Amino acid sequence: MKKALVYFILILGAALSLLPFLWMAAASFTAPENMYSSSLVPQQLTAQNYVALFKIADFLRFYINSSLVAVFTVGLGLFFDSLAGFAFAKYRFPGRNWLFAVVLATLMIPSQITLIPSYIILSKLGLVNTLTGIIISAVVSAFGIFLMRQYIQDAIPDELIEAARIDGHSEISIFFRIVLPLARPALGALAIFRFLACWNSYLWPLIVLNSPAKFTLPVGIAMLQGAFGTPIWGLQMAGALLATLPVLILFLFFQRYFISGIALGAVKE
């Protein structure tokens with residue numbers, strides 16, 4: 001009975017969490033005149049919202065912009081975060097602990113506080129209203145450095161790195177041929193975290209970008225409004241449903257890395 005009760009609570013929680021997504025999918029296939037009906041299941045399925053999404057709005061451009069930002073942000077972010085994490089984990093240099101403490105301290109600063117200074121820096125560099133400005137501002141993450149540092153420190157023995165140095169490997173060779181392959185679980189978990197943060201980012205792209213041709217998906221979907229600024233729910237729900245597909249696909253491919261990345265220190269000396 002106790003086990004059955006636990007399963008019942010878990011199934012109920014899963015159903016409640018899936019309910020908004022089911023409504024989103026149903027609303028995306030509902031005609032505008034039936035949008036406010038009380039039924040969760042559409043009375044008549046229609047694809048006119050998806051047709052209008054690609055015909056009226058430049059949705060494909062939004063998708064391409066978000067994909068470019070996500071690919072470069074995740075790729076460069078994984079490289080720099082793992083490189084900094086490797087340095088903090090395996091190198092001894094003056095002020096290492098103090099510098100790492102400063103990096104961790106930035107996690108306690110709300111991102112809203114740095115919006116104006118970051119915007120001024122991008123303006124001075126001439127990167128306002130560019131995808132490059134969005135990418136550069138998110139290349140390095142304090143959380144990513146912390147995650148990679150903890151994993152590399154616990155999961156990769158110092159003796160393995162010393163043996164590679166004795167064999168004549170350079171530090172760059174050690175990083176690419178030993179550290180990165182052994183840190184794949186942490187890299188997979190960090191890739192998911194970074195992709196989600198980048199793909200769902202709304203406030204920062206809204207501030208930096210002012211041209212519709214440069215909008216990312218969250219900003220572009222929010223701008224699907226009528227003549228008087230009223231949201232067009234059918235278009236927005238169709239856009240939101242299409243925007244969730246890459247996230248689901250990424251999680252399916254990296255699920256085992258995500259779960260393995262939670263158990264840091266799985267490799268023992």
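This is a predicted model: local features need pLDDT of at least 70, side-chain atom pairs count only at pLDDT 80 or more; totals for chains, interfaces and linings use all residues.
Residues with a relative accessible area under 20% are taken as buried, those over 50% as exposed, and those in between as partly exposed. Phe 175, at 1% relative accessibility, counts as buried.

These two residues form an aromatic pair. Their ring centres lie 6.2 Å apart. Phe 79 belongs to helix α3, whereas Phe 175 belongs to helix α9 (residues 171-182). The pair therefore ties together parts that are 96 residues apart in sequence. Both residues also sit in one aromatic cluster, together with Phe 80, Phe 86, Tyr 91 and Phe 176.

Aromatic pairs number 16 in the model. One of them joins Phe 62 and Phe 215, with ring centres 6.4 Å apart. The planes of these rings stand at 40 degrees, so the pair is tilted. Phe 62 is in helix α3. Phe 215 is in the loop between α11 (203-208) and α12 (217-222). The pair thus links parts 153 residues apart in sequence. Both Phe 62 and Phe 215 are buried. A ring also takes part in a contact with a charge: the charged end of Arg 149 sits over Phe 100, 4.4 Å from the ring centre.

Nonpolar packing was examined next. In soluble globular proteins, nonpolar side chains tend to be buried together. The largest nonpolar core in the model holds 59 residues. Phe 59 and Leu 217 have the most contacts inside this core. Helix α3 (residues 59-90) supplies its largest share, nine residues. Another core, of five residues, lies apart from the largest one. Its members include Phe 88, Val 103, Ala 142 and Ile 145.

Thr 46 lies in the loop between α1 (2-28) and α2 (48-55). Its relative accessibility is 18%, so Thr 46 counts as buried. The side chain of Thr 46 reaches the backbone nitrogen of Gln 48 at 3.2 Å. With neighbours within four places in sequence left aside, Thr 46 is in contact with Ser 28, Phe 29, Thr 30 and Ala 31.

Conventions
Residues are numbered from 1 along each chain as its sequence is written. Side-chain values use heavy atoms; hydrogens and water are left out. A nonpolar core is a set of buried Ala, Val, Leu, Ile, Met, Phe, Trp, Tyr and Cys residues joined through side-chain atoms within 4.5 Å. Buried means under 20% relative accessible area, exposed over 50%, partly exposed in between (1.4 Å probe, protein chains only). Helices (H or I, at least four residues) and strands (E, at least two) are DSSP runs, numbered from the N terminus. A polar contact is a pair of N or O atoms within 3.5 Å; within protein, one must be able to donate a hydrogen and the other to accept it, and residues adjacent in sequence count only if both atoms are side-chain atoms. Contact means heavy atoms within 4.5 Å. Rings of Phe, Tyr and Trp (its six-membered ring) pair if their centres lie within 6.5 Å; planes under 30 degrees apart count as stacked, over 60 as edge-to-face and the rest as tilted. A charge sits over a ring if NZ of Lys or CZ of Arg is within 6 Å of the ring centre and within 35 degrees of the ring normal.
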